[in-house]
Amino acid sequence: MEALHLEQVVKQYGDKTAVNGISLKVEQGEIYGLLGANGAGKTTTMRMVLGLIYPDEGRILYNGKPYSTELQHLMGYLPEERGLYPKVKVSDQIIYLARLRGMPASEADKSLRYWLDRFDVPEYYNKKIEELSKGNQQKMGFVAAVVHKPKILILDEAFSGLDPVNVELLKDTVREMRDQGTSILFSTHRMEHVEELCRNITILDRSNTVVQGDIREIKKGYPREAVVLRTAGEVNGLAEIAGVTAVERQERGYLLSISDIGAAQRILQLAMAQGEVEHFEIKEPTLNQIFIRAVGESNE
Ligand SMILES: Nc1ncnc2c1ncn2[C@@H]1O[C@H](COP(=O)(O)OP(=O)(O)OP(=O)(O)O)[C@@H](O)[C@H]1O
């Protein structure tokens with residue numbers, strides 16, 4: 001059974017439909033990508049899942065059951081806007097938040113110390129949030145979201161403001177939580193993070209679902225329009241091949257754009273006829289390209 005199931009969920013603010021009939025399922029131990037342009041309805045959807053606001057239509061089920069206040073103990077949320085108080089000590093507020101979610105103080109303290117050690121910052125225990133850098137405040141926001149061991153974790157731009165080392169650290173942590181059975185709703189504008197972490201995604205555009213499903217399946221539905229070719233020497237006549245729309249000379253070869261898949265074979269044949277081919281690859285579209293195309297198309 002799905003840990004989280006949204007069925008035709010609608011949210012309106014006056015005349016404005018912020019979310020227009022979203023349906024999705026997140027399995028136990030899955031990281032699910034919720035994507036969309038600015039104002040598409042992601043935060044509104046996440047706030048409904050958290051029970052902070054209520055859907056006007058449709059329903060949300062948690063392990064097959066409707067929302068109840070006990071669920072607050074099972075959910076963790078890292079909001080896009082920093083949610084921690086600047087003047088309060090890290091330990092005071094994170095333990096307080098964990099207790100609000102039903103964790104005894106001594107266990108919360110132990111869990112907080114575990115996370116501070118894990119992130120190699122045990123000294124933050126006694127620091128005020130305002131004394132930390134922006135990235136480290138973000139890390140403490142993450143700790144606040146996971147300290148009580150949630151079963152459903154909602155991450156809104158979890159990696160924003162983090163340096164590459166910390167991004168990797170948090171990615172590993174998120175994967176580990178997934179492997180332990182946590183279901184994670186993951187929202188970001190960074191498509192490469194989605195490619196690395198998520199199996200299934202929904203792309204929202206102006207309140208509507210425009211793309212949904214398994215990333216690998218979605219990619220199969222889009223044409224392959226790029227070829228990478230690496231050869232020992234120059235290849236003449238690439239631009240004249242039927243179906244080749246652009247040829248870009250790169251440091252170690254060529255990047256070609258094609259309008260039909262047959263052009264790829266013609267490129268390979270021409271290159272082989274002129275010398276040794278070191279590398280040949282027909283590239284799948286990136287999620288970034290799919291996003292731009294899907295959101296662009298629905299705006300036409
Ligand atoms: N409290 C509110 N009252 C009125 N309109 C709202 C409210 N909250 C959100 N909206 C509107 O609902 C739509 C969806 O907003 P939402 O914040 O869910 O988008 P988002 O996908 O999270 O965007 P972003 O990527 O910019 O964070 C927007 O048009 C927004 O202006």
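Reply: A word to know first is pLDDT, which is the predictor's confidence in each residue, from 0 to 100. Helices (H or I, at least four residues) and strands (E, at least two) are DSSP runs, numbered from the N terminus. This is a predicted model, in which local features need pLDDT of at least 70 and side-chain atom pairs count only at pLDDT 80 or more, while totals for chains, interfaces and linings use all residues. Residues are numbered from 1 along each chain as its sequence is written.

Me: Among the elements of the chain, which has the lowest mean pLDDT?

Reply: Over the chain, the mean pLDDT is 93, and 99% of the residues reach 70 or more. Among the elements, the highest mean, 97, belongs to strand β1 (residues 4-13), and the lowest, 85, belongs to helix α9 (residues 287-298).

Me: Which element gives the largest share of the shell around the ligand?

Reply: The residues around the ligand include Y13, K16, N38, K42, T43, T44 and E80. Two or more residues of this shell come from each of β2 (16-26) and α1 (42-49). The largest share, three residues, comes from α1.

Me: Why is α1 described as largely enclosed by the rest of the structure?

Reply: A residue is buried if 20 or more other C-beta atoms lie within 10 Å of its own, exposed if 12 or fewer, and partly exposed in between, with C-beta atoms placed from the backbone. In α1, the residues that pass this test are K42, T44, T45, M46, M48 and V49. The helix is therefore largely enclosed because the buried residues number six of the eight.

Me: Is Q8 buried or exposed?

Reply: Q8 lies in strand β1, and its phi is positive, about 50°, although Q8 is not a glycine. Most residues other than glycine have a negative phi. Because Q8 has 12 C-beta neighbours inside 10 Å, it counts as exposed.

Me: How many residues does the largest nonpolar core have?

Reply: A nonpolar core is a set of buried Ala, Val, Leu, Ile, Met, Phe, Trp, Tyr and Cys residues joined through C-beta atoms within 7 Å. In the largest one, the residues with the most contacts (C-beta atoms, placed from the backbone, within 7 Å) include Y32, I154 and L185. The number of residues in this core is 64.

Technical notes:
A residue is near a molecule or strand if its C-beta atom, placed from the backbone, lies within 6 Å of it.
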